[in-house]
Structure formats: C-alpha cells, structure tokens
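The following exercises are to be worked through in order, with the sequence and the structure at hand. Each task is followed by a solution in steps.

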Amino acid sequence: MSAALTTPTASAGARAGLSWRSSLAVFLLMLLAAVAAWQLTPRALPGAAGAAPLPQLELAVPAVIGEWRLVPSLREQVDLAVDRDGERLISQPYDQTLLRTYQNARGEQILLAVAYTRQQSQEVKVHRPEVCYTAVGFEVLSLDPARLGVAAAGAPPVDGMRMVARSMHHTEAVSYWIRMGAIYSQNAFDTRLHLLAEGLQGRLRDGALVRASRIVADPGEAVAAYPQIERFLSEFTAALTPEARALLLL
C-alpha cells in the first residue's frame, strides 16, 4: 500500500527533474544560437574603404587619360545592374557608378564603366559583365581569364577577364576586372566562396568593377584590340587619385 502511495510522488519528481533539465538544455541551445548568429552577422571592417567618406569617381576620373579624351557618348553602354531579363534593377547594388566614352585623335573610342559598392553579400554583389551583356541580348562568344598588366605601384598585377560579345548591332572586345574584398574574382564560384568565408568571419567586404571595351568589326579583331584597351586601363589607373585607386585595386 505504501509503495503504491510513493510511486506517483517519485514519478512527479522525475518528471520535474526532466522538465528542468529540458528547459535548461533548450535555454542553452537558444543562447548558443544567439551567440552564433551574432558572430556570423557580417560587419563592415573597421578602417576599411567603406567606413570612410568615399572619393567621388565622377571627380576622381579625369577627362583626359593619355591620348584619350572624354567625349559625349552617342552609344548606350550595357548597364552595370540588370537582371537576367535585361531589366534594370530597382534596388541599385552600387554606391557609385561611372559610364564614359573616351576617344583618341584617330577617332577610335573606348567605353569605360566603373562601379563601386561598400558592402557585398551573397545576395547583393558586383554583377559580372558576361551576365549583364547576355541579359540585354548579347551572345558571349569567348570569355577567358587574363592577367591584364594593370597595377598600382607596389601592388599585385590585376587578374581579370577578356570577353568577346556580339549583339545584332555590333561586336565588343571587353577587358574587365572585379575586386571582391581582398581578391580579384575571375568566376562566380570564387566570388561566392570568398563572400562565404568572409561572412563566416563576420565581415562584409567592399567590391569594385572596372570594364573597358571597344567596338570591333568582327570577333577576329578582338585579339588586336585587347592590348590597346589594356594600355588605356593602365593609364586610367595611373591617372586616378590615390584614394580612388584604393577603391578599385588591391
């Protein structure tokens, strides 16, 4: 009889102990999740370029670059921020953009596009030119990694891309580079991997795109056009203010 009377009490105590331990475990898991979420929340790096007032690219990029002079553009450039259907993004991923046309004494023209963003994530990042060109109706005929021979004094050479893209109207030879934080990105996988690694360290990185192109009569002329485009890019970086150069190069 006494055993029958004590069993419910012992069972209730066991349940109370289990409930207390379960509550503690849930509390600890929630605390760990909160700490992990805080740790993994990307943050702009203190002292990074994005933390200081930005130099204005419109003012920092000169109207004369070597033999090239700024001229009014009669041809619309491929936008820097379009979706895969060719529509301009309503949410602009860049803090600054610059689209210009330069011409030399022989009448040859180079189209220059520059973009900078303070903070990138997996969802908001520099748009790759091959995606933007395809979105507005170009066919990408070739896309190859290349060392562009462009570098600031004491800085590593720029690893970028060369692209030939053709629309129903014209063909362009394009050289470009993308700086993603502390790397030059030559493909989308590198970009995502780098942003993921930085995000796991709780950091947001800035990014920049520099793109220059020339219209060519046919795709075979691109090989001859690249050296001229990249000399222009080298002169372009040399002509920048140090603050603007720091935005675009490693």
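**Exercise 1.** Determine whether glutamate 172 is buried or exposed, and identify the nearest side chain of opposite charge.

*Solution.* Step 1: Glutamate 172 belongs to strand β8, residues 171-180; strands (E, at least two residues) and helices (H or I, at least four) are DSSP runs, numbered from the N terminus. Step 2: Glutamate 172 is buried, where buried means under 20% relative accessible area, exposed over 50%, and partly exposed in between (1.4 Å probe, protein chains only). A salt bridge is a side-chain nitrogen of Lys or Arg within 4 Å of a carboxyl oxygen of Asp or Glu; for charge, Lys and Arg count as positive and Asp and Glu as negative, while His and the chain ends are not counted.

The model is predicted: local features need pLDDT of at least 70 and side-chain atom pairs count only at pLDDT 80 or more, whereas totals for chains, interfaces and linings use all residues. Residues are numbered from 1 along each chain as its sequence is written, and side-chain values use heavy atoms, with hydrogens and water left out.

**Exercise 2.** Identify the side chains that form polar contacts with the side chain of glutamate 172.

*Solution.* Step 1: A polar contact is a pair of N or O atoms within 3.5 Å; within protein, one must be able to donate a hydrogen and the other to accept it, and residues adjacent in sequence count only if both atoms are side-chain atoms. Step 2: The side chain of tyrosine 133 is joined to that of glutamate 172 at 2.7 Å. Step 3: The side chain of serine 213 is joined to that of glutamate 172 at 2.8 Å. Step 4: Among the residues that glutamate 172 touches are Leu111, Phe138 and Met163, contact meaning heavy atoms within 4.5 Å.

**Exercise 3.** Which backbone oxygen does the side chain of arginine 211 reach?

*Solution.* Step 1: Locate arginine 211 in strand β11, residues 207-216. Step 2: Arginine 211 is buried yet has no salt bridge. Step 3: Its side chain reaches the backbone oxygen of valine 78 at 2.9 Å.

**Exercise 4.** Classify arginine 162 by accessibility, and find its polar contact with glutamate 230.

*Solution.* Step 1: Arginine 162 lies in strand β7, residues 159-166. Step 2: Because its relative accessible area is 27%, arginine 162 is partly exposed. Step 3: The side chains of arginine 162 and glutamate 230 form a polar contact of 2.8 Å. Step 4: Arginine 162 also touches several other residues, including Asp144 and Tyr226.

**Exercise 5.** State how many helices and strands the chain has, and what share of its residues is buried.

*Solution.* Step 1: There are six helices and eleven strands in the chain. Step 2: Of the 250 residues in the chain, 39% are buried.

Note on methods. Lists of a residue's contacts leave out its neighbours within four places in sequence.
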